[in-house]
Amino acid sequence: MPELPEVEVLVRHLAPLLNGRKVRTVLVNRAKELTPTTPRQLTQALLGAEFCGVARRGKYLLFELRRTKRAAPRTLVGHLGMTGRMYLLPAQAPLPKHAAVVLGLGRENFIFEDTRYFGRLTLDASALERLGPEPLGPDFTVRSFADALARSRQPIKLKLLDQSLAAGVGNIYASEALFRAGIAPGLQARKLRRAQVKQLWQAIREVLGEAIECGSTVPLNFVGQGKCDGLFYFGRAPGAPDYYEERLRVYDRAGRPCPECGTTIKRRVQAGRSTFYCPNCQRG
Ligand SMILES: [Zn+2]
């Protein structure tokens, strides 16, 4: 599932391609993915409007559109869910089978494709209200992080998935950050020592920052290419090296040696989600 870095890379990729483009047609194949917006509301809001900004909040993509230069922009909120992709496709190319929403931009179509239908493209921005600070932003401080952890009886791995703690951290980067900080995923959040809180805060920022940097070097070709997409659901050139997955240290590497100590990496399930960790490096 795409997390903060994947969405950030996608936003940076899409922004220059979309800014200034006008929506000429709106096609909705999967009305469910607009919920609670209806296809009619979406069409009314977007038809004739121009993209004037693409941004990110947590794992959400925020598309700003306006009808005239003086009109207030409207925000279209996107979420990739499990398998969502957003990309431009030449207008003459056949539409992909799972195209949920297609915005005609003239020579190209903006495609929101989703094979498993957990994604969203909606005018409803209420989901954003529940988000905590951006982990790479100034509001995510060691102090605020420590305060939030001190109030939680959850295992630290599960607490990290709480979007009100740090928006955009998901299963992959929670495992990676805990490994980097040397913290056992089952440790109760409020039991972290002060030094561990600081290390984890730092590790979260590092793993996210490095993933964005790494993702920025991955060649994107808009349309997904199957199994080699790995974690970049929005696509990569066929045969391009697997830069991205190689840099994950523990995630999805159960049974392989820990890159630090050689101990076999373990997988455990916490609240239905897989956690990957090194039982030797992550004792505390
Ligand atoms: Zn280890």
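Ala271 is exposed in this predicted model, with a relative accessible area of 66%, where exposed stands for over 50% relative accessible area, buried for under 20% and partly exposed for values in between, computed with a 1.4 Å probe on protein chains only. Although Ala271 is not a glycine, its phi is positive, at about 50°, and the residue lies in the loop between strand S9 (266-270) and strand S10 (273-277). Helices (H or I, at least four residues) and strands (E, at least two) are taken as DSSP runs and numbered from the N terminus. Because the model is predicted, local features need pLDDT of at least 70 and side-chain atom pairs count only at pLDDT 80 or more, whereas totals for chains, interfaces and linings use all residues. Residues are numbered from 1 along each chain as its sequence is written, and side-chain values use heavy atoms, with hydrogens and water left out.

A positive phi is also found at Tyr117, which is not a glycine, the value being about 65°; Tyr117 belongs to the loop between strand S7 (108-114) and strand S8 (120-122). A further backbone feature is the cis peptide bond that joins Thr35 and Pro36, with omega at about 5°, and Pro36 is placed in the loop between strand S1 (25-28) and helix H2 (39-46).

The zinc ion has as its protein donors the SG atoms of Cys258, Cys261, Cys278 and Cys281, which lie 2.2 to 2.4 Å from the metal. Donors are here N, O and S atoms within 2.8 Å of the metal (3.2 Å for Na, K and Ca), and since water is not among the atoms, sites may look incomplete. Along the chain, the donors of the zinc ion follow the spacing C-x2-C-x16-C-x2-C. The arrangement is tetrahedral because the 4 donor atoms subtend angles of 101 to 113° around the zinc ion, the criterion for four donors being that all angles lie between 85 and 135 degrees.

Arg12 is partly exposed, with a relative accessible area of 48%, whereas Glu8 is buried at 14%. The side chain of Glu8 also meets that of Arg56 in a salt bridge (2.6 Å, N to O). Since Arg56 lies in strand S2 (residues 50-57) and Glu8 in helix H1, this pair ties together parts that are 48 residues apart in sequence. Arg56 counts as buried, at 16% relative accessibility.

Another salt bridge is formed by the side chains of Glu108 and Arg21 (3.0 Å, N to O). Glu108 lies in strand S7 and Arg21 in the loop between H1 and S1, so the pair ties together parts that are 87 residues apart in sequence. Glu108 counts as partly exposed at 23% relative accessibility, and Arg21 as buried at 19%. Finally, salt bridges that share partners join Glu8, Arg12, Arg56, Arg57 and Glu134 into one network.

Key
Four donors count as tetrahedral if all angles lie between 85 and 135 degrees; four count as square planar and six as octahedral if opposite donors are over 155 degrees apart and all others between 65 and 115; anything else is irregular. A salt bridge is a side-chain nitrogen of Lys or Arg within 4 Å of a carboxyl oxygen of Asp or Glu.
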